[in-house]
Amino acid sequence: MRNRQKVNDQMRIVVASGKGGTGKTLVTANLAFVLSQKMAITLEDCDVEEPNLHLYFPSSGKETVVTITVPGIDESACTLCGKCGEACRYGAITALSDRVLIFPDLCHSCGGCALACPALAIEEVERPIGMIKVSFPLPGLKLISGRLNEGEVQTVAVIREVRTRSEDDPLVIADAPPGTSCPLVETLEGCNYCLLVTEPTPFGLHDLALAAEVVQVMGVPAGIVINKNDGNDGDIVDFAKTHSLPVLMSIPLDREIARVHNNGDLVCLKFPEWRERFAALAHCLLGEYAGGGA
């Protein structure tokens with residue numbers, strides 16, 4: 001695991017959830033907007049299997065293809081010795097009696113097969129897996145969106161490319177992929193604070209517990225935002241108290257909020273009171289919890 005904590009003095013806030021559909025994009029987009037009104041901010045869409053922050057900040061931008069390297073066989077040099085297949089721990093390459101089979105979807109681009117080949121018959125070739133788009137939809141806002149190609153599985157590789165484009169930026173808000181597996185860990189690595197968005201349902205509590213465990217293991221300070229709060233949030237509040245996680249915001253289960261968000265609009269632009277609440281959340285994150293100043 002690479003250590004990004006010492007790359008620069010960047011402040012990085014990740015908005016995450018244990019499950020999809022809790023409203024982390026709502027929180028991310030509105031938080032980024034209010035911050036952009038006061039300072040330069042970079043917004044990362046690391047939910048690369050289903051990026052949608054660009055819907056709230058439409059703009060043209062520069063697109064770059066994301067590639068990984070996979071082995072290519074020089075059949076004129078290959079002796080079919082099978083050393084490449086023995087070296088691959090992912091089952092991505094197999095030597096038969098008359099040819100070598102490569103399974104690019106299984107390849108982790110480690111290069112082990114090329115190192116193991118005594119005939120130097122393997123070279124690394126580029127394979128596209130996704131796209132990165134960088135745009136500037138608002139004067140104070142830089143948006144970096146990652147998109148994984150349909151059918152691809154190298155989610156982490158695309159997220160890593162998203163992050164390389166913000167390494168020199170002082171303030172980053174990242175929309176993490178749902179779940180608690182490797183893509184979330186890649187997004188959280190080196191971050192200063194994590195907002196865990198949840199909803200007051202049994203599934204919401206279950207997946208909140210999983211996500212909270214991940215941030216705890218990684219040593220990342222965290223707080224909770226309860227979305228779609230219908231008032232039955234007792235279990236979430238009890239969990240927060242038990243695990244010393246502050247509840248920083250509660251967004252009610254409200255038809256108008258859902259309508260505005262689902263139409264691709266920002267809640268904080270439609271409702272001035274929510275602009276104030278997200279500004280207060282930003283002040284809390286930059287001030288009290290991260291040692292900065294809003």
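A: Helices (H or I, at least four residues) and strands (E, at least two) are DSSP runs, numbered from the N terminus. With that naming, serine 109 is placed in the loop between E5 and H3. Please keep in mind that this is a predicted model.

Q: What is the phi of serine 109?
A: Phi of serine 109 is near 60°, which is a positive value in a residue other than glycine. Most residues other than glycine have a negative phi. Serine 109 counts as partly exposed, because its relative accessibility is 26%.

Q: And serine 244, where is that one placed?
A: Serine 244 is in the loop between helix H7 (234-242) and strand E11 (247-252), and it has a positive phi of about 55° although it is not a glycine. Serine 244 is exposed, with a relative accessible area of 63%.

Q: Are lysine 24 and aspartate 175 buried or exposed, and which residues are linked in a network with them?
A: Lysine 24 is buried, as is aspartate 175. A network of salt bridges links Lys24, Asp47 and Asp175.

Q: What does glutamate 152 form a salt bridge with?
A: Glutamate 152 forms a salt bridge with arginine 127, and the closest N and O atoms of the two are 2.8 Å apart. Because glutamate 152 lies in the loop between strand E7 (141-148) and helix H4 (155-164), while arginine 127 lies in strand E6 (residues 122-138), the pair ties together parts that are 25 residues apart in sequence. Glutamate 152 counts as buried at 17% relative accessibility, and arginine 127 counts as buried at 14%.

Q: Where in the chain are glutamate 186 and arginine 160?
A: Glutamate 186 and arginine 160 have side chains that meet in a salt bridge (3.6 Å, N to O). This pair links distant parts of the chain, with glutamate 186 in helix H5 (residues 182-188) and arginine 160 in helix H4, 26 residues apart. Glutamate 186 is buried, with a relative accessible area of 7%, whereas arginine 160 counts as partly exposed at 33% relative accessibility.

Q: OK, now aromatics: which rings pair, and why is the pair tilted?
A: The structure holds one aromatic pair. The rings of tryptophan 274 and phenylalanine 278 have their centres 6.2 Å apart and their planes at 50°, so the pair is tilted. Tryptophan 274 and phenylalanine 278 are separated by about one helical turn, because they are four residues apart in helix H10 (residues 272-289). Tryptophan 274 is buried, with a relative accessible area of 5%, and phenylalanine 278 counts as buried at 0% relative accessibility.

Q: What sits over the ring of tryptophan 274?
A: The charged end of arginine 277 sits over that ring, 4.4 Å from the centre of the ring of tryptophan 274.

Q: Last topic, how many disulfides does a search of the whole structure find?
A: The search finds zero disulfides. Cysteine 84 is in no disulfide, and the nearest cysteine sulfur, that of cysteine 81, is 6.3 Å away. Cysteine 194 is also in no disulfide, and there the nearest cysteine sulfur belongs to cysteine 191, 5.9 Å away. Cysteine 84 counts as buried at 9% relative accessibility, and cysteine 194 is buried with a relative accessible area of 0%.

Notes. Residues are numbered from 1 along each chain as its sequence is written. This is a predicted model: local features need pLDDT of at least 70, side-chain atom pairs count only at pLDDT 80 or more; totals for chains, interfaces and linings use all residues. Side-chain values use heavy atoms; hydrogens and water are left out. A disulfide is a pair of cysteine sulfur atoms within 2.5 Å. Buried means under 20% relative accessible area, exposed over 50%, partly exposed in between (1.4 Å probe, protein chains only). Rings of Phe, Tyr and Trp (its six-membered ring) pair if their centres lie within 6.5 Å; planes under 30 degrees apart count as stacked, over 60 as edge-to-face and the rest as tilted. A charge sits over a ring if NZ of Lys or CZ of Arg is within 6 Å of the ring centre and within 35 degrees of the ring normal. A salt bridge is a side-chain nitrogen of Lys or Arg within 4 Å of a carboxyl oxygen of Asp or Glu.
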